[in-house]
Amino acid sequence: MITLYGISNCDTIKKAKKYLADNNIDYTFHDYRKDGVNEKMVSEFAKQLDWEQLVNKRGTTYRALSDEQKQSLTKVSAIELLVEQPAMIKRPVLVNNNSYHLGFIAAQYDEIFK
């Protein structure tokens, strides 16, 4: 089973969805805003992926954090923050056969689905 996690109006999510559709790859889409996010899910992401890369530092939500919040970020505090602010989770997270992948690059997906 393939699951794509993200936010439906994200341009990178749209590119990943198009790639999957163009390659006839069946998947389930989990929209953080519609389907929710919980600590168990984010903890599993952080366990399977580098938690520091899981935090989208280029987004407006992250940039709105205080310097103190940014400097004192730990795995535990990051998980709590990502549950509260799912828009801060780097997108997409792709889970394919219990293998976790972060972001979208067509060449990376070519390798995953070859």
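Strand 3 and strand 4 of this predicted model form a hairpin with two residues between them, and Asn97 in the turn has a positive phi of about 50 degrees. Four bridges join strand 3 to strand 4, and the two run antiparallel, with Val95 standing opposite Tyr100 in strand 4. Helices (H or I, at least four residues) and strands (E, at least two) are DSSP runs numbered from the N terminus, and two strands are taken to pair if DSSP finds at least two bridges between them. Because the model is predicted, local features need pLDDT of at least 70 and side-chain atom pairs count only at pLDDT 80 or more, whereas totals for chains, interfaces and linings use all residues. Residues are numbered from 1 along each chain as its sequence is written, and side-chain values use heavy atoms, with hydrogens and water left out.

- Strand 1 (residues 2–6) and strand 3 (residues 93–96) run antiparallel and are joined by four bridges, and the bridge partner of Tyr5 in strand 3 is Val93.

**Nonpolar cores**

- A nonpolar core is a set of buried Ala, Val, Leu, Ile, Met, Phe, Trp, Tyr and Cys residues joined through side-chain atoms within 4.5 Å; buried means under 20% relative accessible area, exposed over 50%, and partly exposed in between (1.4 Å probe, protein chains only).
- The largest nonpolar core has 25 residues, and those with the most contacts inside it are Tyr32, Phe45, Leu54, Ile89 and Val93.
- At least two residues of this core are supplied by each of helix 3, helix 4 (51–54), helix 7 (75–84), strand 3 and strand 4.
- When neighbours within four places in sequence are left aside, the contacts of Leu54 include Val42, Phe45, Leu82, Ile89, Val93 and Leu102.
- A second, separate core has ten residues, among them Ile2, Leu4, Ala16 and Leu20.

**Helix 7**

- Ala78, Ile79, Leu81 and Leu82 are buried in helix 7.
- These four residues lie on the same side of helix 7 because they cover an arc of only 165 degrees around the axis, the arc being that of the directions from the helix axis to the C-beta atoms.
- The buried residues of helix 7 pack against helix 3 and helix 4, whereas Val76 and Glu84, on the other side of helix 7, are exposed.

**Two individual positions**

- Glu39 is placed in helix 3 and counts as exposed, at 53% relative accessibility.
- Leaving aside its neighbours within four places in sequence, Glu39 is in contact with Ile79 and Val83, and its C-alpha atom is 7.2 Å from that of Glu80, although Glu39 and Glu80 are 41 residues apart in sequence.
- Gly36 is found in the loop between helix 2 (32–35) and helix 3, and is partly exposed, with a relative accessible area of 26%.
- Not counting residues up to four places away in sequence, Gly36 touches His30, Asp31 and Met41.
- The C-alpha atoms of Gly36 and Asp11 are separated by 20 Å, the two residues being 25 residues apart along the chain.

**Whole chain**

- The secondary structure of the protein chain comes to eight helices and four strands, which follow the pattern β-α-β-α-α-α-α-α-α-β-β-α along the sequence.
- Along its principal axes the C-alpha trace spans about 45 × 25 × 25 Å, and buried residues make up 43% of the 114 residues.
- Of the contacts in the protein chain with a separation of 6 or more, 63% are accounted for by residues 24 or more positions apart.

Key: Contact = heavy atoms within 4.5 Å.
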